[in-house]
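Subject: Model handover, helix packing

Hi,

Here is the structure we discussed. Please open it alongside this note; my findings on the helices follow.

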Amino acid sequence: MVYESKHPLVKHKLTLLRSASTKPKKFRELVRELALLLCYEATADLQTTPIEVETPMGNAAGQELSEKIGLVPVLRAGLGMVNGIWEMMPGAEVWHIGFYRDERTLKPVSYYNKLPTSPTVQVCLVLDPMLATGGSAKATIDILKNWGAARIKYVGLLAAPEGIAALRQAHPDVPIHVAQIDSRLNEIGFIVPGLGDAGDRLFGTA
Ligand code: PRP
């Protein structure tokens, strides 16, 4: 399933994020806020266990999250999406996966993976602002599936139709949550109209 957010706050913040006049500090704030909003939507089906809690007035029936969550940012740009979500789910584990895209072939090149041998979480949220060709997301999810992750969701900000199609074909069981699906990829593999290079804009390295 592909979920493109309809939330007005997401649309508003995404528009600010796209603007070439948005500086890295503001860009980081917006990525953090958008990640939180999208994560809120993407986690609507997390499982809970009924528990009782004692209030000052008596007992109340409540619920607690019963699944262990893993946040999996794809380096570098995915890092910008971690902190907001982590504040909301402080018990989540964060597992970093490093890929950069070869500028010539557009294929993802792996450079960091320190996952332990067996999975320690039940639900993995793959975090990466940009789904362009879909190569990085597909490769990250390949790794997580080989690791034994039971349930995986992709949470991104912008996607190209090409990336959505590639990811759906490779991993039809992985729901895709994005703020918006743009028109296309250009000849150098950038999303159009997009927002430029998310990693460079986050880290001020443009
Ligand atoms: C960007 C982006 C994704 C990837 C998307 O990373 O953050 O990880 O490209 O492209 P794809 O869908 O075609 O694989 P980049 O390689 O620029 O690295 P960075 O995050 O370190 O800047």
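Contact below means heavy atoms within 4.5 Å. Keep in mind that this is a predicted model.

**H1 against H2**

By that criterion, Leu9, Val10, Lys13, Leu14, Leu16 and Leu17 of H1 meet Phe27, Leu30, Val31, Glu33, Leu34 and Leu37 of H2. Sorted by class, this contact has 10 nonpolar and 2 charged residues, and no polar ones.

The geometry is simple to state. The two axes, those of H1 and H2, come within 10 Å and cross at roughly 155°. An angle over 145 degrees counts as roughly antiparallel, and H1 and H2 are therefore roughly antiparallel to each other. The crossing of H1 and H2 is left-handed.

**The two sides of H1**

H1 spans residues 8-18, and its buried residues are Val10, Lys13, Leu14, Leu17 and Arg18. They sit on the same side of H1, because they cover an arc of only 140° around the axis. An α-helix has 3.6 residues a turn, so residues three or four places apart point the same way.

What covers the buried residues of H1? The cover includes helix H2 (24-42), strand S11 (158-159), strand S13 (180-181) and helix H6 (198-203). The face of H1 turned away from the buried side carries Pro8, His12 and Thr15, which are exposed.

**H5**

In helix H5 (residues 161-170), the buried residues are Gly163, Ile164 and Leu167. Their arc around the axis is only 100°, which puts them on the same side of H5.

Best regards

Note on methods
Residues are numbered from 1 along each chain as its sequence is written. This is a predicted model: local features need pLDDT of at least 70, side-chain atom pairs count only at pLDDT 80 or more; totals for chains, interfaces and linings use all residues. Side-chain values use heavy atoms; hydrogens and water are left out. Buried means under 20% relative accessible area, exposed over 50%, partly exposed in between (1.4 Å probe, protein chains only). Helices (H or I, at least four residues) and strands (E, at least two) are DSSP runs, numbered from the N terminus. The arc is that of the directions from the helix axis to the C-beta atoms. Axes are lines fitted to C-alpha atoms, for helices over the stretch in contact, and angles run from 0 to 180 degrees between N-to-C directions. Angles under 35 degrees count as roughly parallel, over 145 as roughly antiparallel, 65 to 115 as roughly perpendicular and the rest as oblique. A crossing is left-handed if the near helix is turned anticlockwise from the far one by less than a right angle, and right-handed if clockwise. Ala, Val, Leu, Ile, Met, Phe, Trp, Tyr, Cys and Pro count as nonpolar, Asp, Glu, Lys and Arg as charged, and the others, Gly among them, as polar.
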